[in-house]
Amino acid sequence: MTGLEIAIIAFVLMLLAIFVRVPIAIAMGMAGFFGMWAFLGKTAPTLGLLKTLGYDTFSSYSLSIVPLFLLMGQFATKSGMSAALFEAASDWLGHRKGGIAMAAVGGCAGFGAVCGSSLATASTMGQVALPEMRARGYSDALSTGVLAAGGTLGILIPPSVILVIYAMLAEQNIVKLFMAAMVPGLLAALGYMVTVAIYVRVRPDSAGTAPRVPYKKRFKTLVKVWPVVVIFGLVIGGIAGDWNWARPGIQALFSPTEGAAVGAVAAGAYGVMTGGLNWRGFLDSVLSAANATAMIFLIILGAQVFNSFLATTQAPQQLAEWILGQGFRPYIVLAIMLIFYLVFGCIMDSLSMILLTIPIFLPIIEVLDFGMNAEDTALWFGILALIVVEVGLITPPVGMNLFIINSMAKDIPMVKTYQGVFPFVLSDLLRVVVLVAFPGITLWLVGVMF
Amino acid sequence: MVLAKSAELRVGRVLEKITRALAFCGGFILAVIALVTVASIIGRFFLFAGLGPIKGDYEIVEMGSAIAIFAFMPFAQFKRAHVVVDIFTMRLPQRVQIFLGFVGDSLIALASGVIVWRFWLGLAEKIPYGSDALRSALSMGYKPFFAETTYELSVPIWIPYSFAFVGAVLLFITSLYTVWRSLNWTLEGREYQP
């Protein structure tokens, strides 16, 4: 058998194992181990690799961003920033038709700027925004749908844990990826707000209005979101800002890992200051961050074994050459990949999908001609992949954000939430089409800064 | 018919305490990493005032995160935090689903056994101590000629390896326990939220 055949068989068997509830990390690791055995006829290379793979992976300087960002997000959750964000947004938008729902989107976008995880964003904003929307007579469908969708802004707007992983797999600059995600992230927030506006015009009974708030109070509550602005500015400004104009190029204040540490300390300090982060809260945050970290890194470890097998077989390169040889149109290939993500996103979590597919898809994308240089193509593809895998969080049957929001309002049937999120999924799909058609939207900020 | 249910519950309570304590240790290490990094940045910023970055801050982050992440593993396994896809098995009979959970736990136990075994060999290669007899008894391989150290702080690399190894060993123990636990769940026909 050729390497490509063995790789395909291993991949299919791995998917089957995943589908019968084998933990994803273990399925990847086993497929890599047995695949390598079948390909090389011996186990020594993998066993040798495993002597140091665990420590080497977990001690990676660039990957240590992940637990630090998770800790930062947990501290931010405990510090009451979500309430301040939502209050400010609803003071400014609440009097419009559907305004509280728009405010929820705005709050999610703001919280996404200090939190790199979608689930944390959805649950945190859900706690403050859901009771308010229900009290104002918003329909069950709209209020749960908008929050589930808004939660995905947590990962679209930097910092973003998945982009850190993508940067590792694609060997791209993490700062450039964050910058590339910025405009599409804001576009997502805008798109969701427009969706709300259309939604309440089609279904006028689905939303109420809140009384108009005088400007004096609006500015007063707006000022209260300063910690978010400061922390976001510190982290993103520190890792992407140019702090020494005298020297050429971007002279950043610190590395992305250092930025994550600064963010964690700043969010923690603010939490302690407001009293939201007491000893109990600190221990809670640590445990939540610990479990999420363990989960992510076990998958990374499994994926490392699988990817070293893929690299040995050279299967991704062979597949890429074959596709190039068939003369498929680049955009058709890209569309197939994105559809694959959408379909699999319905059943698998986004991180596993990225770890599983990027080593296969990226070599293919790199040999196709999209009229851009290799780096721009990789950045652009990374953002597209990030968006489409995140759509999986809000599509039935397995949309984690839907579950999280729905579990907060036990009396709302799941079907209502599915109905409510549907227009937002459409908005996501429309955005993907726009970003595919105009790569400049994604790459503009990177081009301006670097 | 279950396998020593009360003993299983007792062991579970003890293991939960131990794994949680280790996860907290990891969390504190993570917090320390963050603080050291911030201190180092501040020091670097005030270079003109005679302060400076903390020596080897990158290495501290690397060692610390490896130890912390290994320390997080056992508690996550105890809580069954690892990602599975259950959409295709949801329609199956309850007992089959619980049995699949048992299979998953067994595979994690197997994998973590392999991880501990290989990790031990990798660690032993870095420990420059022990007589030849002792080393061969513990299958530690040849004694390294000199201890491999980190670049800036000259910390012998076997030290952070050993701390991380603690997490890996406890992961193996915990996953063996979870096999026992999910076997009992299968026999009982009921699954609990750990």
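Which side chains meet in a salt bridge of 3.2 Å, N to O? They are the side chains of A:E258 and B:R44. A salt bridge here is a side-chain nitrogen of Lys or Arg within 4 Å of a carboxyl oxygen of Asp or Glu.

This is a predicted model, in which local features need pLDDT of at least 70, side-chain atom pairs count only at pLDDT 80 or more, and totals for chains, interfaces and linings use all residues. Residues are numbered from 1 along each chain as its sequence is written, chains are lettered from A and ligands numbered from 1 in the order in which they are written, and side-chain values use heavy atoms, with hydrogens and water left out.

**The interface of chains A and B**

Across this interface the rule finds 3 salt bridges. In chain A, 51 residues are in contact (heavy atoms within 4.5 Å) with 58 residues of chain B. The two chains bury about 4,900 Å² between them, 78% of it on carbon and sulfur atoms. On the side of chain A, the most area is lost to chain B by A:R21, A:K51 and A:Y55, together 19% of what that side buries. Buried area is the accessible area (1.4 Å probe) that two parts lose on being put together, summed over both.

**Helix 4 of chain A**

Helices are DSSP runs (H or I, at least four residues), numbered from the N terminus. Helix 4 of chain A covers residues 65–78, and its 14 residues should span 20 Å at 1.5 Å a residue, which agrees with the 20 Å between its end C-alpha atoms. The expected span is 1.5 Å times one less than the number of residues. Of the 14 residues, 12 are buried, among them A:I65, A:F69 and A:A76. After the helix comes A:G80, whose phi is positive, near 80°.

Buried means under 20% relative accessible area, exposed over 50%, and partly exposed in between (1.4 Å probe, protein chains only). The table sets out two residues by this rule.

| Residue | Relative accessibility | Class |
|---|---|---|
| A:V12 | 44% | partly exposed |
| B:T174 | 0% | buried |

A:V12 lies in helix 1 (residues 3–19) of chain A. B:T174 belongs to helix 5 (residues 158–188) of chain B. Leaving aside its neighbours within four places in sequence, B:T174 is in contact with B:L15, B:T19, B:P74, B:Q77 and B:F78. B:T174 and B:W185 are 11 residues apart in sequence, and their C-alpha atoms are 16 Å apart in space.

How values were computed. Helices (H or I, at least four residues) and strands (E, at least two) are DSSP runs, numbered from the N terminus.
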